[in-house]
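This report covers selected local features of one protein model.

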Amino acid sequence: MKDEFLKAALISREDQVTDVVLAAMQNTDDARLKELMAMVVRHLHAFVIEARPTEVEFEDALRWIAGLGQATNESNNEVVLAADVLGASTLIDLINNNGMQGETMSALLGPFYRGQAPHCANGDCIARSDTPGPSLYFTGRVTETDGTPIAGAKLDVWQASPVGLYENQDTGQDDFNLRGVLHSDDEGNFSFASVKPAGYPVPTDGPVGDLLRAQNREPMRPAHIHFIVTAPGHKTLITQIFSDTNEALVGDVVFGAKLQIVGDFVEHTQPDPAYPDATLPFYTCNYDFKLVPGTPTYPVPPITGKTS
Ligand code: BEZ
Ligand code: FE
């Protein structure tokens, strides 16, 4: 009798494990957590059964995952970076934001959004320390999909310097350099000055870098500026506006570059009275953001500080 009971309850073959684990999670109160964890277990077990890893491979994989946590700190988020280079972040972005209602196309948040950036007036420069590189004057409008202006929209902006580093990675840049928060005016217009962003490699000194090297992948991202655009009664837009050659756009290591969000970065080689203080050559970019009705949300910053 006892033997029969134990025979049914204990695992003795690989094809019994999934059902026993699913049964152990049956009492989860939160219905969504229960559903998600059941899917995780089914897919994870199916992967393991298909891949049939050796014990050494399993230990290596666990060490790689532990390394993601060990390489994560206030100025670097290796876990987010891993999700990004595996394409998971872009997939989740496209599942939740597909641009089908006429709104501006979105792009992944990335690991370098800090939050708490200084507020700027329209026209202010977001370069807070001497940042060599050509000037960029960015203008645009926040509207509904039918073009109706949205006044008072908040635009949270951040970008890498022309040498390809975010201020959190670079002790040579002041705190919050190339980061700022703006608001659209009564006509929905916004503007800021900056420097032209450059393409850059994602951090490669942690476990993600080890993986990219093992896969013979280039770590590059095409030049872009990040935006989070929010307004009361509207769905939050998280996106990036890209500027680069076709070639660099195609090789984005985190699969974020999309045709709809390539901006027109115009080079100016002659003085223009509209930009009396600009040193030649300088660049302008105009890009309008369209929002759809919805409930605003705000991402939790993946990092909070700067390398000191
Ligand atoms: C970024 O655009 O800042 C970024 C996105 C994914 C990985 C690394 C950086
Ligand atoms: Fe970026």
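A nonpolar patch on the surface is formed by Leu33, Met37, Val40, Leu44, Phe47 and Val48. Together these residues have about 510 Å² of accessible area. The model is predicted.

## Packing of α2 against α3

Two packed helices are described by the angle between their axes and the distance between the axes. For helix α2 (residues 17-24) and α3, the angle is about 165 degrees and the axes are 10 Å apart. Because angles over 145 degrees count as roughly antiparallel, α2 is classed as roughly antiparallel to α3. The crossing of α2 and α3 is right-handed.

On the α2 side, the contact involves Val17, Thr18, Val21 and Leu22. These residues meet Ala38, Val41, Arg42 and His45 in α3.

## Packing of α4 against α5

Helix α4 covers residues 55-70 and helix α5 covers residues 78-85. Their packing angle is about 125 degrees, with the axes 7 Å apart. The two helices, α4 and α5, are therefore oblique to each other. Trp64, Leu68 and Gly69 of α4 make the contact with Glu78, Val79 and Ala82 of α5.

## Salt bridges

Side chains of opposite charge can pair when their charged atoms come close. Across the whole structure, a search finds 10 salt bridges.

A salt bridge links Glu35 with Arg32, and the closest N and O atoms of this pair are 2.9 Å apart. Both Glu35 and Arg32 belong to helix α3, where they are three residues apart, about one turn of the helix.

## Backbone features in loops

The peptide bond from Leu280 to Pro281 is cis, and its omega is near -15 degrees. Pro281 is located in the loop between β9 (266-268) and β10 (282-286).

Leu178 is not a glycine, yet it has a positive phi of about 60 degrees. The position of Leu178 is in the loop between β2 (154-159) and β3 (179-183).

Notes. Residues are numbered from 1 along each chain as its sequence is written. Chains are lettered from A and ligands numbered from 1 in the order in which they are written. This is a predicted model: local features need pLDDT of at least 70, side-chain atom pairs count only at pLDDT 80 or more; totals for chains, interfaces and linings use all residues. Side-chain values use heavy atoms; hydrogens and water are left out. Patches are made of residues with over 30% relative accessible area and no salt bridge: like charges are joined within 9 Å, nonpolar side chains (Val, Leu, Ile, Met, Phe, Trp, Tyr) within 5 Å. Accessible areas come from the Shrake-Rupley method with a 1.4 Å probe; for residues, only the protein chains shown count as cover. A salt bridge is a side-chain nitrogen of Lys or Arg within 4 Å of a carboxyl oxygen of Asp or Glu. Axes are lines fitted to C-alpha atoms, for helices over the stretch in contact, and angles run from 0 to 180 degrees between N-to-C directions. Helices (H or I, at least four residues) and strands (E, at least two) are DSSP runs, numbered from the N terminus. Angles under 35 degrees count as roughly parallel, over 145 as roughly antiparallel, 65 to 115 as roughly perpendicular and the rest as oblique. A crossing is left-handed if the near helix is turned anticlockwise from the far one by less than a right angle, and right-handed if clockwise. Contact means heavy atoms within 4.5 Å.
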